[in-house]
Amino acid sequence: MRDTFYTAVDIGTSKVTVLLSRVGTEGDLKIFGIGSVPSEGIQRGRVENIEEARASVSAALAEAQRYIGRESVASSAYVSVSGSHISSVNRSEILDNQATPEDISSKMLSGMLRGSFPKIDQTQQVLHVIPMGYTVDGLTGVRNPMGLAGNLVEMEAHVVVGESIVLQNTIKAVEAKDVSVKSLVMSGMASAESTLTGDEREMGVVLLDIGAGTTDLVIYRQGTPWYSAVLPVGGYALTRDLAAALRSPLHVAEEVKVKWGSVDPESVPSDEEIELPTFQGQHRRSVPRRALAGPLHDRMTEIMKMALTHIRQAGMKDWPIGGLVLTGGGAQMTGLLEMAARIVGEPVRVGYPYGLYGLPDQLRKPTFSAAVGLLLWGIKHHDSADKLGIPTATAAEPKKKRWRFRPSSRRKVETG
Ligand SMILES: Nc1ncnc2c1ncn2[C@@H]1O[C@H](COP(=O)(O)OP(=O)(O)OP(=O)(O)O)[C@@H](O)[C@H]1O
Ligand SMILES: [Mg+2]
């Protein structure tokens with residue numbers, strides 16, 4: 001078996017990350033090129049300025065290629081997409097197999113998946129169709145009905161939809177001489193791939209990827225995604241609020257937020273003073289560290305409440321046993337775990353891209369969950385034609401048939 005190359009392009013509001021990788025003959029993933037540059041032309045997860053966005057992607061790609069000292073290894077890429085235009089719906093599809101009884105085949109399952117596409121207008125496109133489970137002649141909870149005999153097959157699928165224009169602009173920002181888009185992946189779905197454990201997925205878990213301009217929400221239940229949405233707000237809003245409170249430029253507020261900020265005012269000693277970095281020739285100023293926490297706490301509370309509103313509207317009655325996993329750069333906010341635990345209860349943890357052999361240390365940060373997740377997504381869904389033969393629509397090539405296999409946990413993981 002030959003090595004296979006995988007490229008991830010994570011287009012974030014604050015940075016674009018390109019990862020070049022190869023799956024070796026042992027099934028191990030080796031990342032050999034990393035490029036991450038501040039992004040331009042992206043607002044709240046959407047491409048707003050195509051030339052700037054393109055320049056950011058090509059700068060990140062060039063950096064990743066420099067890493068290995070050669071060009072043109074990128075080929076086709078798994079590309080993240082985010083933004084509040086993304087929504088999800090769960091659909092069920094029934095196959096009546098009684099007329100010509102035969103074992104359930106991949107062709108039948110493919111037909112069901114295609115049948116489960118929701119009716120959407122031209123402004124929208126299906127991004128993912130993920131089978132959640134099957135009922136075969138009354139037997140519920142069947143994960144893979146291939147080869148079973150059955151008269152009546154019912155499938156539940158999680159369908160993620162996005163705005164066509166935004167998806168097309170994302171593709172435009174990436175496609176270039178030596179890169180094409182293999183598949184668009186909802187950013188939060190990619191982060192879930194790299195951060196959630198198998199147990200969490202089974203028990204049910206809420207994942208929040210708090211980025212700079214967006215917060216992606218993905219809920220897993222019984223092993224598969226059950227709800228996905230994107231909030232148009234992230235860590236940048238905290239920086240903006242802090243800048244207003246301090247009457248300082250954004251870059252100063254960003255530095256202060258990361259170094260001394262907290263969203264948990266009570267855990268900040270009341271007598272601690274910090275000296276603000278100087279800007280525009282101003283005199284040195286000190287402020288009580290606790291004073292920084294007020295606006296940060298308020299904005300983060302608002303983000304958490306928005307997420308809870310979505311979760312409630314999704315129809316989730318009981319909080320899942322797997323709890324809450326926070327990832328994305330915003331998950332590194334001091335005091336966030338304590339604050340979140342007070343709102344939703346334990347368990348709450350920070351999700352790091354985990355478990356891959358040889359994952360470089362510099363990628364073991366919540367800010368890279370989506371980028372690493374894109375590679376894992378690619379590996380999982382790549383050579384699915386021979387496996388199960390389930391097609392998933394991609395925004396990149398909506399008319400072409402594409403084959404995927406159901407999520408499994410075959411990737412090599414470290415133990416301990
Ligand atoms: N230590 C830290 N404490 C608080 N916030 C942090 C810290 N490190 C990074 N952040 C915040 O994380 C955000 C960037 O996160 P991330 O890199 O996940 O965003 P992105 O993927 O570029 O954006 P998005 O996913 O919203 O499009 C910024 O708002 C930054 O201020
Ligand atoms: Mg992101």
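This is a predicted model: local features need pLDDT of at least 70, side-chain atom pairs count only at pLDDT 80 or more; totals for chains, interfaces and linings use all residues.
Colleague: What makes F5 and F32 an aromatic pair, and why is the pair called edge-to-face?

Modeller: The structure holds three aromatic pairs, and F5 with F32 is one of them, with 6.0 Å from centre to centre and 85 degrees between the planes.

Colleague: Why does F5 count as partly exposed, and why does F32 count as buried?

Modeller: Buried means under 20% relative accessible area and exposed means over 50%, with partly exposed in between. F5 has 39% relative accessibility, so F5 is partly exposed, whereas F32 has 11% and therefore counts as buried.

Colleague: Why is the pair of W226 and Y227 called tilted?

Modeller: The ring centres of W226 and Y227 are 6.5 Å apart and their planes stand at 50 degrees. Planes under 30 degrees apart would be stacked and those over 60 edge-to-face, with the rest tilted, so the 50 degrees of this pair makes it tilted. W226 is buried at 12% relative accessibility, and Y227 is buried at 13%.

Colleague: How do you know that R221 lies over the face of W226?

Modeller: R221 is placed at 4.1 Å from the ring centre of W226, over its face. The distance part of the criterion asks for CZ of Arg within 6 Å of the ring centre, so 4.1 Å meets it.

Colleague: What makes β7 and β9 the edges of their sheet?

Modeller: Four strands form this open sheet in the order β7-β10-β8-β9, with antiparallel pairing. β7 (87-96) and β9 (139-142) each have a single partner strand, so one side of each is left without a neighbour in the sheet. From one strand to the next, the twist averages 35 degrees.

Colleague: How do you know that β7 pairs with β10, and that β8 pairs with β9?

Modeller: Two strands pair if there are at least two bridges between them. Ten bridges join β7 to strand β10 (residues 152-163), so that pair qualifies, and L95 has V153 in β10 as its bridge partner. Two bridges join β8 to β9, so this pair also qualifies, with L139 in β9 as the bridge partner of V136. β8 and β9 form a hairpin with two residues between them, and D137 in the turn has a positive phi of about 45 degrees.

Colleague: Which strands make up the open sheet with mixed pairing, and which of them stand at its edges?

Modeller: The order of this five-stranded open sheet is β3-β2-β1-β6-β11, and β3 and β11 are the edge strands, each pairing on one side only. The twist averages 20 degrees from one strand to the next. Seven bridges join strand β6 (residues 75-81) to β11 in parallel, while β1 and β6 pair in the parallel sense over three bridges.

Colleague: What makes strand β11 mostly covered?

Modeller: Six of the eight residues in β11 (residues 179-186) are buried.

Colleague: Why is helix α4 called roughly perpendicular to helix α10?

Modeller: Helix α4 (residues 187-195) and helix α10 (residues 369-382) pack at an angle of about 85 degrees, with their axes 7 Å apart. Angles from 65 to 115 degrees count as roughly perpendicular, so α4 is roughly perpendicular to α10. The contact includes M189 and E193 of α4 together with L374 and W377 of α10. Helix α10 also lies across β1, β2, β3, β6 and β11, running at about 140 degrees to β1.

How values were computed: Residues are numbered from 1 along each chain as its sequence is written. Chains are lettered from A and ligands numbered from 1 in the order in which they are written. Side-chain values use heavy atoms; hydrogens and water are left out. Buried means under 20% relative accessible area, exposed over 50%, partly exposed in between (1.4 Å probe, protein chains only). A charge sits over a ring if NZ of Lys or CZ of Arg is within 6 Å of the ring centre and within 35 degrees of the ring normal. Axes are lines fitted to C-alpha atoms, for helices over the stretch in contact, and angles run from 0 to 180 degrees between N-to-C directions. Angles under 35 degrees count as roughly parallel, over 145 as roughly antiparallel, 65 to 115 as roughly perpendicular and the rest as oblique. Contact means heavy atoms within 4.5 Å.
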